[in-house]
Amino acid sequence: MRIIVFLIATQVVGCAAFWWSEPMIQPREDVSAECLNPPSDNPCLFYQCLERRFPCGANEYALKVGHHFCIKKNQHLPFFTPNGTKWLNETNICIRESLIPTYQLDETSCANIRTVGQNVMLDCINHRSDTGMDFCRFVGSNAAQYAELITIDDVSRLTSLGNPRIAARMIVNGAYCGGELLRNRLADLAGGFNDAVGSLLHIYQGLSSRWTNFWN
Ligand SMILES: *[C@@H]1O[C@H](CO)[C@@H](O)[C@H](O)[C@H]1NC(C)=O
Ligand SMILES: *[C@@H]1O[C@H](CO)[C@@H](O)[C@H](O)[C@H]1NC(C)=O
């Protein structure tokens, strides 16, 4: 009997993530033109609009990651090279525009916003400017600025959403593309973030040999 209870308990715990599908949220605010085309003095308004329409709280994608990184990237824009500024600005716009269909949904869940938000970040980071600038060149030519943009707080925000692939890509590829300076800076960061980094390794197998080379 005890064994059966144990088995059932482990099944329940193991499958809880699948059984507990997150509730759908109905919109609390209409789609607005201002939210779709944010004013230049408030370029990150969109994420506040997303949160107002589908409230998920301070620890979910819209505020903790979307709004946070939008503000931070805009504050840091002037410190990047001209090509880097252009690439980062385009990335910001790409993320916002890719989230518009989710913002316009008639209902959604916080889990869906979280998933879409993370996928959109990964897709937009992969974009290439018409100057030829891509993520790797961006990091390589702006290593010091990039290290300021992605601090330990930023990595913990990214991993808190449950998909460590984004943080892995930003750190592992960042180190790969960023040269000595970034390897040292990001090694400190990883040292303060061992648990997340350990699990990143398993999930992001394709990069683990690069990772091992960089951190050992
Ligand atoms: C970012 O891109 C938009 C659209 O092209 C442009 O209006 C804005 O001035 C750019 N911002 C910076 C800081 O380059
Ligand atoms: C950066 O911009 C310059 C023009 O200002 C261009 O010649 C160069 O190829 C660009 N570099 C990258 C890496 O995109």
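Which residues of α5 are buried? In α5, the buried residues are G84, W87, L88, T91, I95, R96, L99 and Y103, where buried means that 20 or more other C-beta atoms lie within 10 Å of a residue's own, exposed means 12 or fewer, and partly exposed means in between, with C-beta atoms placed from the backbone.

## Basis of the model

This is a predicted model, in which local features need pLDDT of at least 70 and side-chain atom pairs count only at pLDDT 80 or more, while totals for chains, interfaces and linings use all residues. Residues are numbered from 1 along each chain as its sequence is written, and chains are lettered from A and ligands numbered from 1 in the order in which they are written.

## Overall fold

The chain has twelve helices and zero strands, where helices (H or I, at least four residues) and strands (E, at least two) are DSSP runs numbered from the N terminus. Read along the sequence, the pattern is therefore α-α-α-α-α-α-α-α-α-α-α-α.

Of the 216 residues in the chain, 29% are buried. Among contacts with a separation of 6 or more, 73% are between residues 24 or more positions apart, a contact being a pair of residues whose C-beta atoms, placed from the backbone, lie within 7 Å.

## Helix α5 and its surroundings

Helix α5 spans residues 82-103, and its 22 residues reach 31 Å from the first C-alpha to the last, close to the 32 Å expected at 1.5 Å a residue; the expected span is 1.5 Å times one less than the number of residues in the helix. The buried residues of α5, W87 and L99 among them, are on the same side of the helix because they cover an arc of only 165 degrees around the axis, the arc being that of the directions from the helix axis to the C-beta atoms. On the other side of α5, P82 and P101 are exposed. The cover over the buried residues of α5 includes α3 (45-53), α4 (61-76), α6 (110-125) and α7 (135-141).

E90 is also placed in α5, and it counts as partly exposed because it has 17 C-beta neighbours inside 10 Å. Leaving aside neighbours within four places in sequence, E90 is in contact with H127 and S129. E90 and I125 are 35 residues apart in sequence, and their C-alpha atoms are 9.5 Å apart in space.

Helix α6 has 16 residues and reaches 22 Å from its first C-alpha to its last, close to the 22 Å expected at 1.5 Å a residue. Its buried residues are I113, R114, G117 and M121, and these lie on the same side of α6 because they cover an arc of only 100 degrees around the axis.

In α9, V155, L158 and T159 are buried, and they too are placed on the same side of their helix because their arc around the axis is only 95 degrees. Just after α9, G162 takes a positive phi of about 95 degrees. Q48 is found in helix α3 and is partly exposed because 17 other C-beta atoms lie within 10 Å; the C-alpha atoms of Q48 and G66, 18 residues apart along the chain, are separated by 9.2 Å.

## The nonpolar core

The largest nonpolar core has 36 residues, and those with the most contacts inside it are L50, A62, L158, A167 and I171; such a core is a set of buried Ala, Val, Leu, Ile, Met, Phe, Trp, Tyr and Cys residues joined through C-beta atoms within 7 Å. The elements that give two or more residues to this core are α3, α4, α5, α6, α7, α8 (143-149), α9 (152-160) and α10 (165-191). Of these, α10 gives the most, with seven residues.

A175 lies in helix α10 and counts as buried because it has 26 C-beta neighbours inside 10 Å. A175 and A147 are 28 residues apart in sequence and 9.6 Å apart in space, C-alpha to C-alpha.

## Ligand surroundings

The residues around ligand 1 are L77, T85, N89 and I93, each counted as near when its C-beta atom, placed from the backbone, lies within 6 Å of the molecule. By class, this shell has two nonpolar, two polar and no charged residues, with Ala, Val, Leu, Ile, Met, Phe, Trp, Tyr, Cys and Pro counted as nonpolar, Asp, Glu, Lys and Arg as charged, and the others, Gly among them, as polar.

Around ligand 2 are N83, T131, G132, M133 and R137. The shell of ligand 2 has one nonpolar, three polar and one charged residues.

Terms used. Contact = placed C-beta atoms within 7 Å.
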